[in-house]
Amino acid sequence: MRKAVLVTGASRNRSKAEAVCEALLASHPLAEVSIVQVDVSNLQSVFRASEELKQRFQRLDYVYLNAGIMPNPQLNIKALFSGLFSRKVIHMFSTAEGLLTQEDQITADGLQEVFETNVFGHFILIQELAPLLCHSDSPSQLIWTSSRNARKSNFCLEDIQHSRGQEPYSSSKYAVDLLSVAVNRNFNSRGLYSSVVCPGTMVTNMTCGILPPFVWTLLMPIIWLLRFFANAFTLTPYNGTEALVWLFHQKPESLNPLTKYLSATTGFGSNYVMTQKMDLDEDTAEKFYQNLLELEKHVRATIQKRNHQS
């Protein structure tokens, strides 16, 4: 007997979400598809969306967390061209290490935008939805989108928002890795399991905005050639979802909480899943989690005070 499939898409752009729903229903007419509007860079929006979801559903089996902004990316041209003619060219394109800096800004909640969007907004969402996710009879699964650009060197427990650094995207993705480990440590006993995926290097609207179109035209032949020597260049969103789809077919409790699951593509276009041990330790993950809990208390108190005054 086949289970009914009910998909709820969360997006800050309702018109785009509706277009996705129409496409899903066209290909899977028996599915139930709905939308909830949420902007994870705005905590009031997160709280409203959480209440809406709790009114609609009694439980959630899978939650896929995919927000990942990289505002005002600045390319280090010198590093790019020196890397093209070095032994690190494959690593450079696979991870963008040393290539990109970003100009972050402060949100209406008083937080760094990249941190709030990529990490803290999701954290609050999970805290709010815990009653729907935690069930002892059948496990639920969180899947976070990380990145090969998640670098331990760009993260600091004393500056979890990366307010003093220039690579908030890398810091936020490393924070996601830490948070996934901490969720497993604190929620596995309640039936909630967490995993991390990496879609690989894809050509999307975000990546295309980093470089002028003519530069991509020059780079694409090199990138296609590199696919025969490295598996990180998935290039398309379809290829990039390989690890995500694979995870949906696994038993959450059987997965290693310290492993990152990476989409990979061969030079001939075949997709497969790789595993990689995350470069972190559980004590740091727990300390980061406790920092988030403290920040949550502070933010909730600030919002309550603001609402009371208004």
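Which strands does H6 lie across? In this predicted model, helix H6 lies across E6, E7 and E8, and its direction makes about 160 degrees with that of E7. The views below take the sheet, then the helices on it, then the contacts between helices.

**View 1. An open sheet of five strands with mixed pairing.** The strand order is E3-E6-E7-E8-E9. Strand E3 (62-65) and strand E9 (271-277) are at the edges; each has a single partner strand, so one side of each is left without a neighbour in the sheet. From one strand to the next, the twist averages 25 degrees. Strands of a sheet pair through backbone hydrogen bonds, in either a parallel or an antiparallel arrangement.

**View 2. The antiparallel pair E8 and E9.** Strand E8 (residues 259-265) is joined to E9 by seven bridges. Leucine 262 is placed opposite methionine 274 of E9.

**View 3. Helices H5 and H6 on the sheet.** H5 packs on the sheet and touches E3, strand E6 (140-145) and strand E7 (192-198). The direction of H5 makes about 165 degrees with that of E6. H6 runs at about 160 degrees to E7 and lies across E6, E7 and E8.

**View 4. The contact between helix H5 (residues 113-133) and helix H6 (residues 168-187).** The two axes come within 8 Å and cross at roughly 20 degrees. H5 and H6 are therefore roughly parallel to each other, and their crossing is right-handed. H5 contributes Val114, Asn118, Val119, Phe123, Gln127 and Ala130 to the contact. From H6 come Pro168, Tyr169, Ser172, Lys173, Ala175, Val176, Leu179 and Phe187. By class, 10 of the residues in the contact of H5 with H6 are nonpolar, three are polar and one is charged.

**View 5. The contact between H6 and helix H11 (residues 282-309).** The axes of H6 and H11 come within 8 Å and cross at roughly 90 degrees, which makes H6 roughly perpendicular to H11. On the H6 side, the residues are Ala175, Leu178, Leu179, Val181, Ala182, Arg185, Asn186 and Phe187. They meet Glu282, Asp283, Thr284, Ala285, Glu286, Phe288, Tyr289 and Leu292 of H11. The contact of H6 with H11 has 10 nonpolar, two polar and four charged residues.

**View 6. Residues of H6 that take part in the contacts with H5 and with H11.** Ala175, Leu179 and Phe187 of H6 are listed in the contact with H5. Ala175, Leu179 and Phe187 also meet H11.

Note on methods. Residues are numbered from 1 along each chain as its sequence is written. This is a predicted model: local features need pLDDT of at least 70, side-chain atom pairs count only at pLDDT 80 or more; totals for chains, interfaces and linings use all residues. Side-chain values use heavy atoms; hydrogens and water are left out. Axes are lines fitted to C-alpha atoms, for helices over the stretch in contact, and angles run from 0 to 180 degrees between N-to-C directions. Helices (H or I, at least four residues) and strands (E, at least two) are DSSP runs, numbered from the N terminus. Angles under 35 degrees count as roughly parallel, over 145 as roughly antiparallel, 65 to 115 as roughly perpendicular and the rest as oblique. A crossing is left-handed if the near helix is turned anticlockwise from the far one by less than a right angle, and right-handed if clockwise. Contact means heavy atoms within 4.5 Å. Ala, Val, Leu, Ile, Met, Phe, Trp, Tyr, Cys and Pro count as nonpolar, Asp, Glu, Lys and Arg as charged, and the others, Gly among them, as polar. Two strands pair if DSSP finds at least two bridges between them.
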